[in-house]
Amino acid sequence: MRPDYLAIDDLCGTDARMRDLLARGKRFVDRGLPVLILGETGTGKEFLARALHAYSERRAQAFVAINTASLPEPLVESELFGYQRGAFSGALPGGMKGKLQQADGGTLFLDEIGDMPHALQTRLLRVLSEREVTPLGASQPVPVNVQLICATHQDLAGAVAQGTFREDLYYRIAVGVLTLPTLRERDDKRELIAHMLCDEWPGLRAEQALARLSPEALVCLLAHAWPGNLRQMRAALRYACAVMSGHVLCMDDLPPELVMPSTAPRSEGTIAMRAPQVRDAVVSRHAAKSVDTRAQASPNDHERERILQALAQHRWNISAAARTLGFCRASLYRKLKQLRIPHVRDCGDVLSAGHYA
């Protein structure tokens, strides 16, 4: 394994949700089930895929990763399925094995499968059903045996409902589903910070690495929302370790976006305003209330305020707010439901009843 990829038992600390997820992942690959990894961008989907391969009985064979969203349309067939000698003009004299054949006996990792072109979905479904591929120019199919792991940040169930993802392919790949939690939901951030610092300062143990972090910097790192998840945290710590001039990593060494206060705009107004102004007024009153009770606020209160500020900033444009927060649309809708934040379209009765007066 490359040094920056971890064994499966090293992917989390004391976070109970992650430990349960990793245990289920082990059971899935023990049974040879197709695994679908869901999660926001930066939550470590490829790290988990590689760790599952390294844990599996196929660890001595190839791990072949394919970003299905980035495959050029004209090269999809040859890249995935390969070709025989003389299959087309410009082909290599000896032909070429496709990615699926290269993964035979090992693990095939299909990243960003939610963005896979529809035509390729059809071809892939046949390969998974028949367990064989037919290279371009070949007269006979070639059997393949792979452990399939797919990953996406998209809402695949929603894509199936919209007709942009094949339903039969979805049920073929979504047998063992693992949903990675976001970094802000995890309870082992301190341990993750220590591990990442040990990567930057080889030779130190976790407690020694944390001892070189000022208390203020540690509080800032633990309190940050991390919309970019693990990828953002690693980048921030690498930056801080690069610019620090002393023996202790201080607040001044952290990236500016971690220490600058939020400047999300807040609106004020009355119920008689036009719709955009009403939206901002509702959000401002919610945010003001959470500021007044900050001393007794729970983590959910802080997250609620952050979401409301993002919605106000983007005038309740769900897609724009989700990008700012680092969510996908589906995740943001789930957060609204969990935190009991009514959508603006549902606020008419509440406003007229004077709940926000």
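Modeller: Two strands pair if DSSP finds at least two bridges between them. This model is predicted. With that in hand, the strands can be read.

Biologist: Which residue in S3 does Phe63 stand opposite?

Modeller: S2 covers residues 63-67 and S3 covers 107-111. The two strands pair in the parallel sense over five bridges. In S3, the residue opposite Phe63 is Thr107.

Biologist: How many helices and strands are there in the protein chain?

Modeller: The protein chain has 357 residues, and 45% of them are buried. Of its contacts with a separation of 6 or more, 69% join residues 24 or more positions apart. The count asked for is 17 helices and seven strands.

Biologist: In what order do the five strands of the open sheet stand?

Modeller: The pairing is parallel. S2 and S7 stand at the edges, each with a single partner strand, so one side of each has no neighbour in the sheet. On average, neighbouring strands are turned by 15° against each other, direction ignored.

Biologist: What angle does the direction of H2 make with that of S1?

Modeller: H1 lies across S1, S6 and S7, running at about 160° to S7. H2 packs on the sheet as well, touching S1, S2, S3, S6 and S7. Its direction makes with that of S1 an angle of about 155°.

Biologist: Which residues in H2 are buried?

Modeller: H2 covers residues 45-55. Its buried residues pack against helix H1 and against S1, S2, S3, S6 and S7. They are Lys45, Leu48, Ala49, Ala51, Leu52 and His53.

Biologist: At what angle do H8 and H10 pack?

Modeller: H8 covers residues 189-200, H10 covers 215-223, and their axes are 10 Å apart. Lys189, Arg190 and Ile193 in H8 meet Leu218, Leu221 and Leu222 in H10. By class, that contact has four nonpolar, no polar and two charged residues. The crossing is right-handed, and the helices pack at about 120°.

Biologist: Does Arg184 count as buried or exposed?

Modeller: Arg184 sits in the loop between S7 and H8. The cut-off for buried is under 20% relative accessible area. The relative accessibility of Arg184 is 16%, so Arg184 counts as buried.

Biologist: With which side chain does the side chain of Arg184 make a polar contact?

Modeller: Beyond four places away in sequence, Arg184 touches residues including Lys189, Trp226, Glu303, Arg306 and Phe327. Glu40 is also among those it touches. The polar contact, at 2.8 Å, is with the side chain of Glu40.

Biologist: Which residues does His224 touch, not counting those up to four places away in sequence?

Modeller: His224 is in the loop between H10 and H11, and H11 covers 229-243. At 18% relative accessibility, His224 counts as buried. The residues touched are Gln232, Glu257 and Leu258.

Conventions: Residues numbered from 1 in each chain as written. Predicted model: local features only at pLDDT ≥ 70, side-chain atom pairs only at ≥ 80, totals over all residues. Heavy atoms only, no water. Axes fitted to C-alpha atoms, helices over the stretch in contact; angles between N-to-C directions. Helix = DSSP H or I, 4+ residues; strand = E, 2+ residues; numbered from the N terminus. Left-handed = near helix turned anticlockwise from the far one by under 90°. Contact = heavy atoms within 4.5 Å. Nonpolar A, V, L, I, M, F, W, Y, C, P; charged D, E, K, R; others polar. Buried < 20%, exposed > 50% of the residue type's maximum accessible area, 1.4 Å probe, protein only. Polar contact = N/O pair within 3.5 Å; in protein donor to acceptor, adjacent residues only side chain to side chain.
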